[in-house]
Protein chains: 4
Amino acid sequence: MSVASEQAGTNGEQPLPTKDLILDVAEKRFAEHGFAGVSVRQIAADAGLKNQASLYHHFRNKQALYEAVIQRGMEPIIEVIARSKTEPAGPVIDRLIDHLSEKPLLPRLIWRAGLDESEDLRRIVASALTPLFQLGFDALSRSELDWEEEDLPHLAFGLFQLIFGYFAQFSLFEPITPIPPRSPEALERQRRFLKRANARLTGRRRS
Amino acid sequence: MSVASEQAGTNGEQPLPTKDLILDVAEKRFAEHGFAGVSVRQIAADAGLKNQASLYHHFRNKQALYEAVIQRGMEPIIEVIARSKTEPAGPVIDRLIDHLSEKPLLPRLIWRAGLDESEDLRRIVASALTPLFQLGFDALSRSELDWEEEDLPHLAFGLFQLIFGYFAQFSLFEPITPIPPRSPEALERQRRFLKRANARLTGRRRS
Amino acid sequence: MSVASEQAGTNGEQPLPTKDLILDVAEKRFAEHGFAGVSVRQIAADAGLKNQASLYHHFRNKQALYEAVIQRGMEPIIEVIARSKTEPAGPVIDRLIDHLSEKPLLPRLIWRAGLDESEDLRRIVASALTPLFQLGFDALSRSELDWEEEDLPHLAFGLFQLIFGYFAQFSLFEPITPIPPRSPEALERQRRFLKRANARLTGRRRS
Amino acid sequence: MSVASEQAGTNGEQPLPTKDLILDVAEKRFAEHGFAGVSVRQIAADAGLKNQASLYHHFRNKQALYEAVIQRGMEPIIEVIARSKTEPAGPVIDRLIDHLSEKPLLPRLIWRAGLDESEDLRRIVASALTPLFQLGFDALSRSELDWEEEDLPHLAFGLFQLIFGYFAQFSLFEPITPIPPRSPEALERQRRFLKRANARLTGRRRS
DNA sequence: GATGAATGAGGATTCATTCAT
DNA sequence: AATGAATGAATCCTCATTCAT
């Protein structure tokens, strides 16, 4: 069943504008199968369009659609972080986890884009990620760490890997955990783990 | 230029058997562009085959080739870890980094496969990764950590993310580091970072 | 030369819709060479399409096209028989021969499909033929024959073989007849033969 | 399982020479799916050959194999008829039915070949069928029929259709008969039907 | 007699995209 | 804003056949 009809059923509100509908289903597909693994036909069908041509009314081409998906996905993340300029890491991580576990497609999208050799696509993600790293940097710099200056990028990138990696690749986690990695309980554990890991990695060591 | 001719030129040794040649170029392509992003035609051409049909003499189909690539790639990694059963983490990490920086395609292959929704592909990777996690588990269990039992899978998976993530996604790292992430110097920094991170994450805390 | 241009040339009427055009040329090809013996490319070219892809706009795949061809071909035959519910056999045979000699592709199509081991294809033909046999049955049952009840299916099938077989396999007939089996004269003889054969097979015997 | 191993298992006798083995499996495949519907690879595999190339040691090419299959298949039929030069039709029909129901692939092979557009293939069958028709002719001519001279080819061809058609296309017969068309019982009925039909078609009419 | 390897041609089908309506 | 039709290029894969071993 197409997402279009599905959505029409679930809520009585006016249906999403076609463009957003397309973005939604495209986000899902791209996150699952990557840019090359999804066909425009598939997306159009999922969006309830009877014809692929209709999609081109909203997006110049497949790549433009992909870019739009990523752009739209990155925004709230950046916002989450931006809102927590001066906060300590704990609550920020909490909020990030909240967001990522509600929008589980996003980390995979970013992960994939980071792997893509295509200059263009990578650039989009990179530019979207830069502010995120900047915020991380600032936070790390404010706290007096006993890491050397030159280690900070590695540390920031490592934290990024830890936080996003779980959500992006939980399928690899599945075989080694007793409980489903996306269950509320597992998420709670991961949340706790991340906080402790963060504390250990960024914390001041004993004098 | 095809890899075949390239290799024939560079070393005077007898050329690789066709099958290995195909595996080599396939590994490269799959790591770069993912399963869906590579065409059999492309791989065959890279391998110096005049025709795609020849490839099918060695591999039943594209997926079988992909599986073979991953299987072959995972083996040395598992070996690296297996050889260091009772060693402390430091040297193992060192050796892993050595291997990963020499075979930079591998982490990306694994990363990609972990993202794939395709049951089959993911299963392959998962089964290849399980022994790796097992080894990590054993190591973590031997050392008396002040993590709780239930945190151990998350910790093991986190370390995996930290170690492999850098190599898999260094392109995302590029915009935030002053030196190229694959330069020897950057690798040295990452090596040092990982050791310290490992020490902090798995080390005993002060009483 | 493509049928498309051919037709455009011969009559000034508006050209057939593409779909029907495809059906026409496919009917011809399938009848001549069988399902496996015809390529979609060939059919598309014959239909004047510049590309095979266009064909897939009208038919889901090769088999769907084949099914459509058979379905379309069976209809008039069934109609011919249906219209002659209560008539004696003679005129019906006449009309059948008229139709079959005007549409000589059809018997071969049916013949071929009856030979195919492919479950699907055979089912299509079988289901299309059933009403035809039913009509034959009814006719045979009405006349008081001195065949036993259990012989009737064999008799009906035999008549079917006699009538359709000539048109389907006249090429086998060629070496043993002095005149070309599709010449009007030969058709006339076959018509006469069939009527007499029918009379002898279904007729009441002398007391 | 390949026919090769199968046969090795069933009887302790020395296995068929490869060439005959190939002919056997080819006969089966060609009868089922026609010339175009069978691949050399398939036949080679069925014959237990590990490689298609081996087949070319025995037959110049696919068509030569097909011709050999048909030639080999026609021989015993012609023999059956030849042995009964002066006999009445009844026993001959019996013997034909016996042969055809033991070798059910043959009628289908012939039926298919009769449909083939390929000049070469059809010629083979036609030339193999000619003596059969000749025998039929002779028989018909000996008996004083009240058919006209010019009807005789049509009559002979009709009898051919009746006899072979049942075996070639029993799958079309399936939906309209209460018992499986290849069951001994159905064969018995068909045998009886054919004899009666033959009697009626070729018998002298009332004076 | 048999086989592993290779290959050019072609198999069906899907790709992203365009255009007229 | 949407759609039916069309299309060139590409997809994976199989075809029959050959050759050296």
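1. Two residues are in contact if their C-beta atoms, placed from the backbone, lie within 7 Å. The interface residues of chain C are, to 100%, also interface residues in chain D, so these copies meet through the same surface.

2. The model is predicted: local features need pLDDT of at least 70 and side-chain atom pairs count only at pLDDT 80 or more, while totals for chains, interfaces and linings use all residues. Residues are numbered from 1 along each chain as its sequence is written, and chains are lettered from A and ligands numbered from 1 in the order in which they are written.

3. DNA strand E is surrounded by 32 residues (C-beta atom, placed from the backbone, within 6 Å of the strand). A:Ser39, A:Asn61, B:Ala53, C:Ser39 and D:Ala53 are the closest. By class, this surface has eleven nonpolar, 15 polar and six charged residues (Ala, Val, Leu, Ile, Met, Phe, Trp, Tyr, Cys and Pro are nonpolar; Asp, Glu, Lys and Arg charged; the others, Gly among them, polar).

4. H4(B) gives the largest share, four residues.

5. Chain A is divided into domain 1 (3–55) and domain 2 (67–202), with bounds from an automatic or database domain assignment. Their contact takes eight residues from domain 1 of chain A and ten residues from domain 2 of chain A.

How values were computed
Helix = DSSP H or I, 4+ residues; strand = E, 2+ residues; numbered from the N terminus.
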